[in-house]
Amino acid sequence: MSVLILEQTLNGLQFGLMLFLLAAGLTLVFGIMDLINLAHGSLYMIGAYLVAAVAQATGSFALAALAAVVGTAAIGVLLEVAVLRRLYTRDHLSQVLATFALLLICNEVVRLIFGSQPVMLSLPPALAGPVQLLPGFSYPAFRLAVIGVGLAVALLLYVLVARTRMGMWVRAGASNREMAAAMGVDVKLLFTAVFGIGAALCALAGAMLGPILAVQVGMGESILILAFVVIVIGGIGSIRGALVGALLVGMVDTVGRAFLPMLLRSFLSPAVASGVGPALASIAIYVLMAAVLFWRPQGLFPARG
Amino acid sequence: MLRATLVASLALTLAASAQAADQVKVGFMSTLSGPAAAIGIDIRDGFNLALKMGGGKLGGLPAEVIVTDDQQNPEIGRQIVDKYVKRDHVDFVTGIVFSNVLLAVAPVVFDNKTFLISANAGPSLLAGEKCSPWFFSVSWQNDATPESAGKYTSDKGFRKIFLLAPNYPAGKDMVSGFKRYYKGGIADEVYPRLGQLDYSAELAQIRAAAPDAVFFFLPGGMGINFIKQFSASGLGKQVTLITTAFSADEDVIPAVGEPMLGIYNTGFWNHDMDNPESRAFVAAFEKDYGRLPSGFAAQGYDAARAIDAAVREVKGRLDDSEAVRKALRANTFKSVRGPFKINRNGFPIQNYYLRVVERDAKGRITNRTLSTVLKDHPDAYAEQCPLK
């Protein structure tokens with residue numbers, strides 16, 4: 001039982017940290033630029049496809065991940081300069097429509113280039129096997145690497161946001177955009193940089209999740225919904241909120257899937273429990289979001305006090 | 001514009017007044033995108049191969065096949081089939097991969113007095129009391145293949161099994177089929193969401209339950225991911241994997257590779273089946289598509305050949321649905337699985353075989369048939385079907 005709890009905790013941590021990579025960029029863009037970017041998931045998809053393409057061409061996963069992060073950041077910057085910049089002053093409806101169009105365009109372009117069948121991205125051979133953590137308990141090496149990368153990025157982002165001048169601008173922008181601009185922050189440049197960083201984080205998540213899941217058209221949409229749940233729970237514009245929210249969602253989802261059916265079976269018949277369990281588990285995170293919204297409508301760590 | 005409309009309506013009038021049909025229209029709706037796309041693509045390629053070998057004709061009539069992707073979505077499927085039966089006036093609907101899609105579209109097809117030839121999905125709901133005279137299957141009833149896997153598991157002496165299947169109609173059918181023939185104990189049964197790709201939570205549960213073996217039904221990309229993640233988790237040393245062809249066929253094996261070796265699974269057909277039809281089909285498929293055909297491809301091929309035989313039998317009089325039904329029931333076409341009968345509910349009575357994934361003489365990782373597990377096996381629901 002204790003091994004099961006340990007393993008599920010690791011699973012939840014891994015899933016949560018990957019959600020954090022996606023949510024961090026999304027919450028900054030939403031919080032600072034007040035832009036609802038539905039195409040955020042597309043950057044994740046583009047990153048994963050770049051990893052798959054480069055890994056296939058060169059055979060090196062590390063090289064592929066690096067190329068994807070740099071390439072996706074460049075695409076993100078290009079998107080911001082060419083399209084999204086024009087949307088900052090528009091209302092949310094125009095933003096949703098425009099970024100939804102972007103999402104559809106991205107999907108179709110990727111479908112044209114790579115086809116509608118998923119691309120299978122193999123685990124890098126060095127991390128393909130299990131690692132023995134305790135006697136009788138081994139855990140996939142790649143998932144441990146994912147946790148390591150996630151923690152490192154979280155730390156890096158913390159230092160970037162809390163300890164550097166650029167981080168100060170970002171925080172200033174998140175809490176009051178007009179005032180930050182009035183105080184001489186080059187908001188235009190800041191927005192482009194933040195968007196580029198968000199895109200790079202998306203690509204990193206794509207590189208980490210691509211080999212575990214599948215690289216396919218539409219992979220961004222399902223995870224984008226979860227990323228929005230995360231930033232709503234964490235508080236829009238707050239990196240700390242995104243981290244806490246992502247870990248909460250990751251844990252609740254994993255624990256819900258693993259332990260809820262077990263719990264139900266203790267007082268329901270197995271047939272009923274196996275029917276109700278998965279249904280309840282899949283709505284657990286939305287129940288969590290509803291509860292947070294009820295007691296703290298601004299999220300757990302609102303950027304704007 | 002006006003002239004074009006006139007010509008078109010004239011053509012329509014002419015077509016409607018013709019007595020015997022001058023063409024066969026087939027609505028081929030399948031899952032051609034997403035993680036399970038390989039299944040739909042195999043069924044489509046098998047169907048097209050049969051069509052090509054017949055010179056583009058079905059039963060001597062020119063065939064028009066409308067191919068559409070249902071995106072594994074029941075609502076989209078319903079819209080497509082609505083268009084098939086109401087605007088295109090197809091004679092047959094076929095190609096559907098998923099049981100939840102098939103169950104969503106079946107009422108539309110039946111109400112419009114159109115034949116539904118299943119080339120894959122075989123939900124139990126259509127096999128028993130609610131069987132339909134408009135439904136025929138060239139594949140299997142969902143429960144039947146896992147029944148053979150359950151029998152193998154019992155015979156092999158496994159006593160503690162962990163069951164894993166997606167939470168949708170076919171997943172439930174597969175598990176109940178397995179349990180019908182498996183006599184040992186059950187460690188746990190888990191039903192993930194259909195389309196789930198990360199099995200970390202389920203693998204942890206398997207480790208905690210410590211079963212002898214895991215029986216899983218995870219079609220398409222779900223199975224690919226599960227087997228890969230199972231292999232990476234190191235559970236393979238303690239736990240045996242047992243499955244059906246739906247997670248151990250030519251759509252899955254090349255994507256997973258070495259971790260497939262040694263997996264026992266059951267199915268109604270394999271490319272090493274020894275009869276002239278099967279050999280001809282495998283050779284033609286390999287020549288045209290450059291890969292080995294899966295059981296799904298064989299189902300697509302047989303669907304086209306079943307329609308071909310029925311249309312030929314009624315001499316193209318597709319309006320006489322009673323005659324078409326009789327012809328489909330008589331099942332005179334030469335199947336790649338050898339001769340088989342159609343039961344009163346429209347589902348096959350056929351053999352199910354045990355296979356194992358090995359390296360063949362050419363070094364390819366693929367299935368080898370070992371033995372017959374269930375012979376001339378009808379499905380468990382046919383008795384309740386009121387049709388004669």
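Q: In what order do the six strands of the open sheet in chain B line up?
A: Strands are DSSP runs of E with at least two residues, numbered from the N terminus (helices are runs of H or I with at least four). Two strands pair if DSSP finds at least two bridges between them. The pairing in this sheet is mixed, and the order reads E2-E3-E1-E4-E5-E6.

Q: Which strands of chain B are the edge strands?
A: Quick housekeeping: this is a predicted model, where local features need pLDDT of at least 70 and side-chain atom pairs count only at pLDDT 80 or more, while totals for chains, interfaces and linings use all residues. Residues are numbered from 1 along each chain as its sequence is written, with chains lettered from A and ligands numbered from 1 in the order in which they are written. An edge strand here pairs on one side only. That picks out E2 (57-58) and E6 (135-137).

Q: Which residue takes a positive phi in the hairpin of E2(B) and E3(B)?
A: B:Lys57 stands opposite B:Pro62 across this pair. The hairpin has two residues between the strands. The one with phi near 60° is B:Gly59.

Q: What radius of gyration does chain A have?
A: The value is taken over C-alpha atoms, and the globule rule is 2.2 Å times the number of residues to the power 0.38. For 305 residues, a compact globule would come out near 19 Å. Chain A agrees with that, at 20 Å.

Q: What share of the residues of chain A count as buried?
A: Buried means 20 or more other C-beta atoms within 10 Å of the residue's own, exposed means 12 or fewer, and partly exposed is in between; C-beta atoms are placed from the backbone. Chain A has 11 helices and two strands. Of its 305 residues, the buried share is 51%.

Q: Which residues touch the most other members of the largest nonpolar core?
A: A nonpolar core is a set of buried Ala, Val, Leu, Ile, Met, Phe, Trp, Tyr and Cys residues joined through C-beta atoms within 7 Å. This one has 224 residues, and the top two are A:Ala23 and A:Val51.
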